[in-house]
Amino acid sequence: MDLTTSNSGPPTLPVLPIELLREIAQDATPGELQRLLLVSKAFNWELTPVLYASICPPLLDVLAVQQCIRTLTRAPHDLAFGRNYAALVRSFTIPRILMRDPSKQERERKERKLMRRLLRAIEAMIGLRHLRMDHATCSPQVFKTLVRSGPRSLRSLDFSPHFLGDIAPMADGSSFDMLLDLYPVFPELVALTIDLSKPDSDNPWVAPLVALLENRAAHLRKLKLHMREATLVRVFQKIPAWSQLQELTITADEVPLALFPPAPNLRKLKIIPIGRVEMTHIADLPQDALPNLEILVCPYYFLPVFLPDHPKAQRPIRTIRLDGAFHDEVNRSGSYCQFIYQAWEDIVEVLRCVSRSTGPVTDLGFCIGDLDMGRISEIAISCGNVERLVVITDFPPKNEADIARFGETLFSHTPNLHTFILSEYHRMWFGASDPPGTFPFARDVTKQLSWLDSWDKTSNVLQRVAFTRTIIWDRHDAWRSTETPEHMPSHRMVDPEGQSEGTDEDVAIEDAL
């Protein structure tokens with residue numbers, strides 16, 4: 001179907017098929033879409049739903065936030081074609097409202113007025129599927145409106161509520177009494193993120209949010225919990241099972257694994273510590289828990305819990321990222337935990353668990369403070385099935401000659417290894433020298449190529465290698481290098497959502513949403 005027809009002359013933009021125009025619009029920026037709306041009435045009619053489908057106002061642009069909320073609350077007869085723009089919204093990030101009036105009284109008056117508009121906008125978003133709120137705007141009044149009058153179509157909720165110790169007053173004058181006897185039920189919700197990490201005593205948010213978890217426990221597929229151990233224990237005790245859950249991220253000071261609810265379909269688990277947990281505080285996981293776990297991201301000292309030396313506790317884990325060690329060769333980005341000063345002996349001992357997986361483990365990443373290149377075989381003998389190995393380290397190799405011998409010390413034990421990444425992200429993050437942030441041989445192409453040539457005598461499977469994040473080597477007919485630009489990469493601590501950590505499993509879960 002065409003937007004318009006033309007009897008003569010070459011095809012021009014106005015005669016594009018609607019389907020093709022929509023494809024183009026999906027890749028356009030909001031600014032480009034706004035200009036396209038002015039081309040014609042036909043363009044305006046077709047592309048307005050694309051523009052308003054996902055709204056994320058700029059964080060500090062007060063005028064943009066005001067204009068956005070005002071537009072969403074305007075009556076349909078005041079808008080083009082009599083449309084209800086709020087009803088077009090499918091994904092909405094509630095903006096942080098920060099007025100800049102010098103008068104405190106005037107600033108608070110404007111914030112209250114804008115918050116009232118925001119509440120009306122939420123009520124009008126009848127087709128909303130994904131909603132994200134942070135503690136600056138997630139007040140009891142906003143949550144109550146969402147529960148009582150919000151869209152029934154909501155499928156994903158990212159929730160970081162206003163906490164008791166926050167010094168900033170709630171712009172809408174909310175009271176925590178509004179949370180009493182509030183039992184949220186979102187009948188379509190399958191993805192949920194809750195941040196209750198602030199150590200408030202008797203937090204009034206706990207009861208309604210635990211009730212929400214309890215109501216949707218049998219339907220959730222993706223869950224992120226950021227909370228203290230006491231709250232996490234309460235959650236685990238209330239949930240009988242997570243029968244549909246496929247992906248779980250837990251950020252906590254301690255994780256009560258002994259209370260872990262049954263999750264037979266869980267495929268991906270991330271455990272992100274708040275501080276360092278003592279080994280003596282790690283409880284055992286029930287032997288029959290997580291029978292289909294495939295991807296594990298956790299502190300290194302948790303690995304023996306998930307892969308114990310017990311025949312009834314074997315799990316089909318295929319990907320392990322200890323301390324969040326990850327490297328994205330395409331985007332030259334990575335992740336790691338802030339506590340990466342693990343001793344060599346501890347890492348060697350923990351990696352002996354890898355062979356216990358029935359996966360087997362084919363993708364392995366770990367962090368280490370000082371990598372002893374001459375003893376790499378102690379790690380290699382536990383990685384016989386590994387196809388991709390990422391090592392994030394802090395100090396340059398003590399003896400570079402040991403790298404040339406990796407053919408015998410590493411690759412002879414890992415016959416399936418096609419990708420080997422050595423990364424210095426921790427040094428880059430803290431600005432170490434030699435040169436700034438990287439290893440001495442980071443840009444020495446001649447030296448790196450000589451190492452690769454020596455490895456070729458042992459391994460013909462190896463296809464991709466990096467000695468630092470600076471240069472990536474790929475084997476085609478011969479080894480070819482791709483150099484990273486001089487600017488600093490985008491570093492991050494172990495993510496809570498690791499956008500660059502996408503896998504087929506992530507895609508499958510997102511498709512399900």
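Author: Arg-116 has its place in helix H5. The model is predicted: local features need pLDDT of at least 70, side-chain atom pairs count only at pLDDT 80 or more, and totals for chains, interfaces and linings use all residues. Residues are numbered from 1 along each chain as its sequence is written, and side-chain values use heavy atoms, with hydrogens and water left out.

Reader: What makes a run of residues a helix or a strand?

Author: Both are DSSP runs, numbered from the N terminus: H or I with at least four residues for helices, E with at least two for strands. Helix H5 covers residues 104–124.

Reader: Which residues gather in the patch of positive charge?

Author: Arg-70, Arg-112, Lys-113, Arg-116 and Arg-120, on the surface. Helix H5 gives the most, with 4 residues.

Reader: What makes a patch?

Author: Its residues have over 30% relative accessible area and no salt bridge, and like charges are joined within 9 Å. For nonpolar side chains (Val, Leu, Ile, Met, Phe, Trp, Tyr) the limit is 5 Å. A salt bridge puts a side-chain nitrogen of Lys or Arg within 4 Å of a carboxyl oxygen of Asp or Glu. Lys and Arg count as positive, Asp and Glu as negative; His and the chain ends are not counted. A charge is placed at NZ of Lys, CZ of Arg, CG of Asp or CD of Glu. Areas come from the Shrake-Rupley method with a 1.4 Å probe, and for residues only the protein chains shown count as cover.

Reader: Why does Leu-47 count as buried?

Author: Its relative accessibility is 0%. Buried means under 20% relative accessible area, exposed over 50%, partly exposed in between (1.4 Å probe, protein chains only). Therefore Leu-47 counts as buried.

Reader: With which residues is Leu-47 in contact, leaving aside its neighbours within four places in sequence?

Author: Leu-21, Ala-25, Leu-36 and Leu-37. Contact means heavy atoms within 4.5 Å. Leu-47 itself lies in helix H3 (residues 41–53).

Reader: Why does Asp-181 count as exposed?

Author: Its value is 65%, so Asp-181 counts as exposed. Asp-181 is in the loop between strands S4 and S5. Its phi is near 55°, positive in a residue other than glycine.

Reader: Is Leu-290 buried or exposed, and why?

Author: Buried, because its relative accessibility is 1%. Leu-290 is in the loop between strands S8 and S9. Its phi is near 55°, a positive value in a residue other than glycine.

Reader: What omega goes with the cis peptide bond that joins Gly-359 and Pro-360?

Author: About -5°. Pro-360 is in the loop between helix H10 and strand S13.
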